[in-house]
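Here's a quick briefing to read alongside the structure. Start with the ligand, then zoom out to the core and the overall fold.

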Amino acid sequence: MGSFDLLHRQSDRRATYATLQGLTWSDELSAWVSADPEAIRAALRAPEIEVIDFRSVYATLSERFSIDFRPTVQVLDHVALGLNGQPHHEVRRRQTLYLKSVTEAALAAYGDSLAAQLAAHADSGSFCLARDLAFPAVDAMFGVLSGFRLDDRGGTSFSSIFDRRLGLNRRKAINEGIARLIAGTEDPVALEGVLTRISLSVVGADSLYGSLTQSLRQVLDSHPGRPLARIDWPAEIPATAVPYVDRIARQTVTIAGTRIAAGERVRLYVEALKSGPDGPSAGLFGIGAHVCLGKHLSIKAWQMMVAALRSHPGTLTVTEHRFRPNDYLFNADDALIVAVS
Ligand code: HEM
């Protein structure tokens, strides 16, 4: 079996996914891996298998290197994706309510940005769908959702805190970026609000931005030379920036005939669920207790992107794309150049 480390980046990864039955041990990742829909569903629903509490990772780093990672840990206290049990229920409930209250305004800001960016770029000979369209629109959305602009992250991507391979210097830079955003907010209730908003940006901004870039590229590449208005655009977002999720077994459990010992990790390629019986984008947003809270918002954002592009009379051809560098977690393009004809 080839390398799993960057399997999610390979253009032919679906062929590899198809060969993976049940769970397979990877020495390279020190984890079980699975791209088998049945095994993934079973693992995501098993109470013995939990999300990874990233706070313990930062507690260890703080101790080992004498670095004050408290700002990162404060945010992680509000990130549903790293919490289990009752703390998870509470954070998830609070974020659901908050998201409901801001979704309409966030989508309006996103739509305004799409219109403005297309007007500015789509009649030039060439432009970048990532930097000139998807990024500004997601930035405008998250300006409303999280109260700060993505460039205020100090050149970092907060969602990289989930990246197992992230180096210490980048962890420090993210920590400093978070510290700047929460500085001066003393009132505990106000601080709760700020941390909730930062945590949504941590989980949602790169997921949506990256998924838009992967989906646009996939659709344009599969319709070469077709005018935007005549493309058969999928109703739901077709590709994801979040190809896998990681889990850890708290207790020994058997999944798809494989015994996973307490403390062992599991990597589940949720993007392999995509074309299963659950519908076109079902697996892309996860399954079970941690299913994505931004699903509705993201599908709507895709539909608005499609509507904006459909109204353009031209044809877009991808001439160059580049994955975001130093990222072992997300599939996101930081360049997606198209020629306009
Ligand atoms: C197309 C874009 C998106 C994709 C593909 C995506 C994918 C996912 C996936 C796979 C999970 C489950 C992770 C796991 O089980 O470990 C998840 C969780 C989550 N997503 Fe998204 N996401 C997207 C956009 C968003 C947006 C825009 C937001 C917020 C505005 C958001 C907020 C969340 C939250 C809060 C969770 C954690 C839920 C929990 O742990 O209870 N997501 N997402």
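Helix α8 gives the most to the shell around the ligand, with six residues. Keep in mind that this is a predicted model. Helix α8 turns up again in the core, where it is also the top contributor, with 13 residues.

**Around the ligand**
- The ligand is surrounded by 26 residues.
- Gly 204, Ser 211, Gly 286, Cys 292 and Gly 294 are the closest of these.
- Sorted by class, the shell has 16 nonpolar residues, nine polar ones and one charged one.

- In soluble globular proteins, nonpolar side chains tend to be buried together.
- Here, the largest nonpolar core has 87 residues.
- Helix α8, which covers residues 188-221, gives the most to this core.
- Ala 134, Val 138 and Leu 268 have the most contacts inside the core.
- Leaving out residues up to four places away in sequence, Ala 134 touches Leu 129, Tyr 209, Leu 212 and Thr 213.

**The whole protein**
- You'll find nine helices and ten strands in the protein.
- The radius of gyration is 20 Å, close to the 20 Å that the globule rule gives for 341 residues, so the protein is as compact as a globular protein of that length.
- Along the principal axes, the C-alpha atoms fill a box of roughly 55 × 55 × 35 Å.
- Buried residues make up 40% of the 341.
- Of the contacts with a separation of 6 or more, 67% link residues 24 or more positions apart.

Terms used:
Residues are numbered from 1 along each chain as its sequence is written. This is a predicted model: local features need pLDDT of at least 70, side-chain atom pairs count only at pLDDT 80 or more; totals for chains, interfaces and linings use all residues. A nonpolar core is a set of buried Ala, Val, Leu, Ile, Met, Phe, Trp, Tyr and Cys residues joined through C-beta atoms within 7 Å. A residue is buried if 20 or more other C-beta atoms lie within 10 Å of its own, exposed if 12 or fewer, and partly exposed in between; C-beta atoms are placed from the backbone. Helices (H or I, at least four residues) and strands (E, at least two) are DSSP runs, numbered from the N terminus. Two residues are in contact if their C-beta atoms, placed from the backbone, lie within 7 Å. A residue is near a molecule or strand if its C-beta atom, placed from the backbone, lies within 6 Å of it. Ala, Val, Leu, Ile, Met, Phe, Trp, Tyr, Cys and Pro count as nonpolar, Asp, Glu, Lys and Arg as charged, and the others, Gly among them, as polar. The radius of gyration is taken over C-alpha atoms; the globule rule is 2.2 Å times the number of residues to the power 0.38.
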